[in-house]
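Hello,

Here is the structure for you to take over. My notes on it follow below.

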Amino acid sequence: MIIGRSERGKPPIEPVTLKILVAGGFGVGKTTLVGAVSEIRPLRTEELLTEAGRPVDDISGVEGKHTTTVAMDFGRITLREDLVLYLFGTPGQERFWFMWDELSEGALGAVVLADTRRLEDCFAAVDYFERRSIPFLVGVNCFEGAARYPAEAVRQALDLDDDVPLVVCDARDRESVKEVLVGVVQHALHHAADRRAAAIG
């Protein structure tokens with residue numbers, strides 16, 4: 001038997017869809033993060049690293065990496081019945097940064113992944129979102145064998161504003177990534193509410 005609207009007593013829920021970017025340096029775990037939580041098969045635009053790219057692709061610290069994202073990663077996760085996130089992973093290499101403007105169009109917020117072994121690699125992403133007033137959260141991806149630093153030390157090294165959330169995460173772990181995504185949505189919504197209040201006041 002098909003249950004209609006009148007028998008259920010409420011209309012079907014139309015979920016709110018939000019766009020979240022996942023940015024950071026080359027080899028920091030963006031593709032892994034999107035794949036860890038996506039409920040659809042992630043769209044990936046990866047190509048093999050080649051000898052021709054060796055002069056421009058710095059793989060120090062990520063020598064085991066054999067592919068790179070050349071356009072974007074795309075995934076989707078339903079956080080609640082009424083809230084769906086579309087995740088867009090940005091390319092990490094400087095030669096593909098021209099795509100960031102298009103990918104960031106309409107984004108609610110962003111996750112900037114950081115690797116403490118190559119912290120300077122996420123400076124460009126932090127700067128990009130600060131300049132465009134796109135709210136972001138920094139996720140420190142815990143790699144095996146990497147030194148652990150207090151969150152405050154990482155915050156100071158990145159010169160983050162006090163209101164930018166910083167969390168430790170594991171890009172391979174679904175629950176850890178979900179916490180990161182919930183955090184960036186909450187931060188972005190608070191940021192939007194503060195801007196509205198400032199505009200009214």
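A contact here means heavy atoms within 4.5 Å. On that basis, residues 24 or more positions apart account for 73% of the contacts in the protein with a separation of 6 or more.

Some ground rules. This is a predicted model, where local features need pLDDT of at least 70 and side-chain atom pairs count only at pLDDT 80 or more, while totals for chains, interfaces and linings use all residues. Residues are numbered from 1 along each chain as its sequence is written, and side-chain values use heavy atoms, with hydrogens and water left out.

**Overall layout**

The protein has six helices and seven strands. These are DSSP runs, numbered from the N terminus: helices are H or I with at least four residues, strands are E with at least two. The order from the N terminus is α-β-α-β-β-β-α-β-α-β-α-β-α. Of the 201 residues, 43% are buried. Buried is under 20% relative accessible area, exposed is over 50%, and partly exposed is in between (1.4 Å probe, protein chains only).

**Helix H2 against helix H6**

A helix pair is described by the angle between the axes and the distance between them. The axes of H2 (residues 30-37) and H6 (residues 174-200) come within 9 Å and cross at roughly 100 degrees. H2 is therefore roughly perpendicular to H6. Axes are lines fitted to C-alpha atoms, for helices over the stretch in contact, and angles run from 0 to 180 degrees between N-to-C directions. Under 35 degrees counts as roughly parallel, over 145 as roughly antiparallel, 65 to 115 as roughly perpendicular, and the rest as oblique.

Which residues meet there? H2 brings Leu33, Ala36 and Val37, and H6 brings Arg174, Val177, Lys178 and Leu181. By class, the contact has five nonpolar, no polar and two charged residues. Nonpolar covers Ala, Val, Leu, Ile, Met, Phe, Trp, Tyr, Cys and Pro; charged covers Asp, Glu, Lys and Arg; the others, Gly among them, are polar.

**Two buried helix residues**

Ser104 lies in helix H3 (residues 100-104). Ser104 is buried, at 11% relative accessible area. Leaving out residues up to four places away in sequence, Ser104 touches Lys19, Leu21, Tyr128 and Ile134. Its C-alpha atom is 9.1 Å from that of Thr90, 14 residues apart along the chain.

Leu158 sits in helix H5. Leu158 is buried too, at 7%. With the sequence neighbours up to four places away left out, Leu158 touches Leu119, Cys122, Phe123 and Val138. Leu158 and Phe123 are 35 residues apart along the chain, with 7.0 Å between their C-alpha atoms.

**Positive phi**

Most residues other than glycine have a negative phi. Ser133 is not a glycine, yet has a positive phi of about 55 degrees. Ser133 is in the loop between helix H4 (123-131) and strand S6 (136-141). Ser133 is partly exposed, at 40% relative accessible area.

Asp159 also has a positive phi of about 55 degrees without being a glycine. Its loop runs between helix H5 (151-158) and strand S7 (166-169). Is Asp159 buried or exposed? Asp159 is exposed, at 60%.

**Cavity**

On a 1 Å grid over the protein atoms alone, a cavity is a set of points where a 1.4 Å probe fits but cannot get out; lining residues have an atom within 4 Å of a point. Points are joined across faces, edges and corners, and volume is the space filled by probe spheres set on them. How many cavities of 30 Å³ or more are there? The count is one. The largest cavity holds about 40 Å³. Eleven residues line the largest cavity, with Phe26, Val28, Asp115, Arg118 and Asp121 nearest its centre. That lining has six nonpolar, two polar and three charged residues.

Best wishes

Methods. On a 1 Å grid over the protein atoms alone, a cavity is a set of points where a 1.4 Å probe fits but cannot get out, and a pocket is an open set with protein on both sides within 12 Å along at least five of seven lines; lining residues have an atom within 4 Å of a point.
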